[in-house]
Amino acid sequence: PRYRGTQVFYGKVSGSEDLAKHVQMTLNETLGSYHTRTAKKIPESIYLMKKVTCPAILVECGFLTHPEEESLLRTDTYQQKIAACIANALLTAPTGDVI
């Protein structure tokens with residue numbers, strides 16, 4: 001319950017880290033003061049990212065174990081805010097980060 005906030009992970013393919021940093025920064029700036037995480041490399045044990053051959057990120061939108069955040073994540077308004085924030089970050093990513 002002590003952890004909260006969005007977390008962006010990046011894969012091993014070139015371009016993924018820069019994209020993840022941009023998306024993480026956009027989420028942090030848009031969603032509020034407790035969103036202070038930095039983008040992290042995804043562990044090799046995560047199957048989803050093992051076979052990816054293009055720049056890729058994984059966005060964890062919050063922690064269901066944090067009661068206040070769980071309540072937010074259940075609302076359409078917050079879900080739409082996160083989705084719009086991610087879309088905005090992808091649309092404003094530096095050229096070459098998104099294909």
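Which residues is Lys50 in contact with, leaving aside its neighbours within four places in sequence? They are Lys12, Glu44 and Ser45, with contact meaning heavy atoms within 4.5 Å. Bear in mind that this is a predicted model, where local features need pLDDT of at least 70, side-chain atom pairs count only at pLDDT 80 or more, and totals for chains, interfaces and linings use all residues. Residues are numbered from 1 along each chain as its sequence is written, and side-chain values use heavy atoms, with hydrogens and water left out. Helices (H or I, at least four residues) and strands (E, at least two) are DSSP runs, numbered from the N terminus.

**The sheet**

- Three strands make up an open sheet with mixed pairing, in the order β2-β1-β3; two strands pair if DSSP finds at least two bridges between them.
- The edges belong to β2 (40–41) and β3 (57–60), each of which pairs on one side only.
- Strand β1 (residues 7–10) runs antiparallel to β3, and 4 bridges join them.
- On that side, Val8 stands opposite Val59, and Phe9 has Leu58 as its bridge partner.
- Towards β2, β1 pairs in the parallel sense over 2 bridges, and here Phe9 stands opposite Lys40.
- In a regular strand, side chains alternate between the two faces of the sheet.
- In β1, Gln7 and Phe9 point one way while Val8 and Tyr10 point the other, and all are buried; buried means under 20% relative accessible area, exposed over 50%, and partly exposed in between (1.4 Å probe, protein chains only).

**Val8, in β1**

- Val8 is found in strand β1 and has a relative accessible area of 0%, so it counts as buried.
- What does Val8 touch, leaving aside neighbours within four places in sequence? Its contacts are Ala20, Val23, Gln24, Leu27, Thr38, Ala39, Lys40, Ile57, Leu58 and Val59.
- Val8 and Ile57 sit 49 residues apart along the chain, yet their C-alpha atoms are separated by 6.8 Å.

**Helix α1 against the sheet**

- Helix α1 lies across β1 and β3, and runs at about 175 degrees to β1; axes are lines fitted to C-alpha atoms, for helices over the stretch in contact, and angles run from 0 to 180 degrees between N-to-C directions.
- With residues up to four places away in sequence set aside, Asn28 touches Thr6, His35, Thr36 and Arg37.

**Helix α1 against helix α4**

- The axes of α1 (residues 16–31) and α4 (residues 76–91) come within 9 Å and cross at roughly 140 degrees.
- That angle makes α1 oblique to α4, because angles under 35 degrees count as roughly parallel, over 145 as roughly antiparallel, 65 to 115 as roughly perpendicular and the rest as oblique.
- Is the crossing left-handed or right-handed? The crossing of α1 and α4 is right-handed: a crossing is left-handed if the near helix is turned anticlockwise from the far one by less than a right angle, and right-handed if clockwise.
- From α1, the contact draws on Leu19, His22, Val23, Thr26, Leu27, Thr30 and Leu31.
- From α4, the residues in this contact are Tyr78, Lys81, Ile82, Cys85, Ile86, Asn88, Ala89 and Leu90.
- By class, the contact splits into 10 nonpolar, 4 polar and 1 charged; Ala, Val, Leu, Ile, Met, Phe, Trp, Tyr, Cys and Pro count as nonpolar, Asp, Glu, Lys and Arg as charged, and the others, Gly among them, as polar.

- Lys50 and Glu29 are 21 residues apart in sequence and 30 Å apart in space, C-alpha to C-alpha.
- Gln79 has its place in helix α4 and is partly exposed, with a relative accessible area of 41%.
- Not counting residues up to four places away in sequence, Gln79 touches Leu73 and Arg74.
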